[in-house]
Amino acid sequence: MSFEYHEPTSLAEAVDLGARFGADGRFLAGGTDLIIQMRRGKLRPRHVVSLHRIPGLDGIGANGAVTLGALVTHRALERHPAFQGRLRALVEGAEVVGGHQIRNVGTVGGNIVNASPAADVVPVLLALDATVTCVGPGGERTLPLDGFLVAPGQTARRPGELLTGVHLPALPGHSATAFLKA
């Protein structure tokens, strides 16, 4: 497994690299799925573009509505105080993702972009009417999560485009959430 590793420090630089490399490149968030697919030979990117040095992609904003950066880890969801009450479903979905090591590095953005039917946080986000924001060579766009997820393993992500965040509208008053994995 041989590839060139890139660490852009801005969103604009990451978008430029994504556009330049096209199908020969992959964005790296947590890497828990990407590395496995590469080791199994399912993916053979010539370029891996890490998103870890781009400021703001690991942020959580919770002021009624919720904004999650693409690099927010499952562990961060588990521990964030804003999700311990009415948004408990986010915690419960995150708690069943792999083991502690996976939750420490696996990201919400990676979970969404992989479009795995086995993703545990995605059903919670769908139930909460999440939208996703993507940035690419054509600029920024926001679309409903249920429109972004096209089929197992397929999204509406355009070439060179990366998912930067997830937005959840504020819950109606006197409501709460829960998640139970059957």
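The model is predicted: local features need pLDDT of at least 70 and side-chain atom pairs count only at pLDDT 80 or more, while totals for chains, interfaces and linings use all residues. Numbering runs from 1 along each chain as its sequence is written, and side-chain values use heavy atoms, without hydrogens and water.

The protein chain contains eight helices and 10 strands (DSSP runs, H or I of at least four residues for helices and E of at least two for strands, numbered from the N terminus). Its radius of gyration is close to the value from the globule rule, so the chain is as compact as a globular protein of that length. The radius is taken over C-alpha atoms, and the rule is 2.2 Å times the number of residues to the power 0.38.

| Quantity | Value |
|---|---|
| Radius of gyration of the protein chain | 16 Å |
| Globule rule for 182 residues | 16 Å |
| Span of the C-alpha trace along its principal axes | about 50 × 35 × 30 Å |

Of the 182 residues, 43% are buried (under 20% relative accessible area; exposed is over 50%, partly exposed in between, with a 1.4 Å probe and protein chains only).

Helix α1 covers residues 11-21, and its buried residues are Ala 14, Val 15, Leu 17, Gly 18 and Phe 21. Seen down the axis, these fall within an arc of 165°, so they line one face of the helix; the arc is that of the directions from the helix axis to the C-beta atoms. Ala 12, Asp 16 and Arg 20 are exposed on the other side of α1. Just after the helix, Gly 22 has a positive phi of about 55°.
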